[in-house]
Amino acid sequence: MVRFRRDEIASKRYLALLGLLILLVPCGFAEPVRGNHAVRLARAAEAQVGVTRHYDPAYVALAYPGGDVPRDRGVCTDVVVRAFRGIGIDLQKELHEDMRRSFSSYPRNWGLTRPDRNIDHRRVPNLMTWFTRQGKKVPPGGRTIAGDVVAWKLPGGLLHIGVAAVDLEPGTNRPLMIHNIGAGAQKEDILNAYEIIGHYRW
């Protein structure tokens with residue numbers, strides 16, 4: 001009888017603990033969910049390798065929202081835009097709406113007097129500004145992980161941008177980067193090849 005009573009008490013304690021764990025699930029799983037989100041972003045970027053085979057910086061009038069140039073071509077920013085669309089975020093729309101609200105917060109490198117939904121999201125300084133305004137900037141020196149967006153300054157002053165892959169360079173903790181610098185979307189070990197000027201984590 002005593003043993004039965006102890007078993008009953010233990011069972012009630014177990015159920016109470018299980019109920020508490022269920023209540024804590026949203027908090028306890030916040031990090032894994034974010035991690036999974038980042039992996040999906042990295043995979044959406046990687047899916048462009050072998051599909052986007054050309055570098056083409058031509059100005060094109062795009063549909064809005066969801067406008068894109070043909071998927072076999074594009075520039076470095078298109079890798080980022082297409083990756084985010086893969087997780088349900090349209091940077092063309094998000095950036096255009098933010099520029100409409102606060103045009104003066106964005107660079108004036110191109111002499112524009114108003115937002116241009118065809119091209120604004122396809123420019124590295126604008127993407128950098130938008131990510132910063134969303135509070136997604138990673139402090140200098142922070143480790144780069146899958147799904148992170150990295151911006152570089154190339155020799156000669158041109159800017160470049162890409163997305164960190166899930167895969168690491170063998171023997172290191174350095175992720176490969178998915179980017180288009182002239183030969184279509186590639187997955188390469190270029191994280192530290194150029195000066196890093198921006199690092200963002202969605």
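**Lys187 and its partner**

I looked up the accessibility of Lys187 and found it partly exposed, at 27% relative accessibility. The model is a predicted one. I then asked which residue Lys187 forms a salt bridge with. The partner is Asp167, and the closest N and O atoms are 2.5 Å apart. Lys187 sits in strand β6 (residues 186–188) and Asp167 in strand β4, so this pair ties together parts that are 20 residues apart in sequence. Asp167 is also partly exposed, its relative accessible area being 30%.

Arg43, Glu46, Asp167 and Lys187 are linked in a network of salt bridges.

**Asp148 and Arg201**

I searched the whole structure for salt bridges and noted 13. One of them joins Asp148 to Arg201, with 2.7 Å between the closest N and O atoms. I placed Asp148 in the loop between α5 and β3 (149–153) and Arg201 in the segment after β7 (195–200); the pair therefore ties together parts that are 53 residues apart in sequence.

Is Asp148 buried or exposed? I have Asp148 down as buried, because its relative accessibility is 0% and the cut-off for buried is under 20%. Arg201 is partly exposed, with a relative accessible area of 33%.

**Arg85 and Asp90**

I checked a further salt bridge, in which the side chains of Arg85 and Asp90 meet at 2.8 Å, N to O. At 22% relative accessibility, Arg85 counts as partly exposed. Asp90 has a relative accessible area of 14% and is buried. The two residues fall on opposite sides of the cut-off because buried means under 20%, with Arg85 at 22% and Asp90 at 14%.

**The largest pocket**

I turned to the pockets and took the largest one, which has a volume of about 370 Å³. I counted 20 residues in its lining. Which of them lie nearest the centre? I listed Tyr55, Val75, Arg122, Arg123 and Val124. The elements that give two or more residues to the lining are α3 (76–85), α5 (124–133) and β4 (159–168).

I sorted the lining residues by type and got 14 nonpolar, 4 polar and 2 charged.

**Cross-check**

Technical notes:
Residues numbered from 1 in each chain as written. Predicted model: local features only at pLDDT ≥ 70, side-chain atom pairs only at ≥ 80, totals over all residues. Heavy atoms only, no water. 1 Å grid on protein atoms, 1.4 Å probe; cavity = no way out; pocket = protein on both sides within 12 Å on 5 of 7 lines; lining within 4 Å. Points joined across faces, edges and corners; volume = space filled by probe spheres on them. Helix = DSSP H or I, 4+ residues; strand = E, 2+ residues; numbered from the N terminus. Nonpolar A, V, L, I, M, F, W, Y, C, P; charged D, E, K, R; others polar. Salt bridge = Lys/Arg side-chain N within 4 Å of Asp/Glu carboxyl O. Buried < 20%, exposed > 50% of the residue type's maximum accessible area, 1.4 Å probe, protein only.
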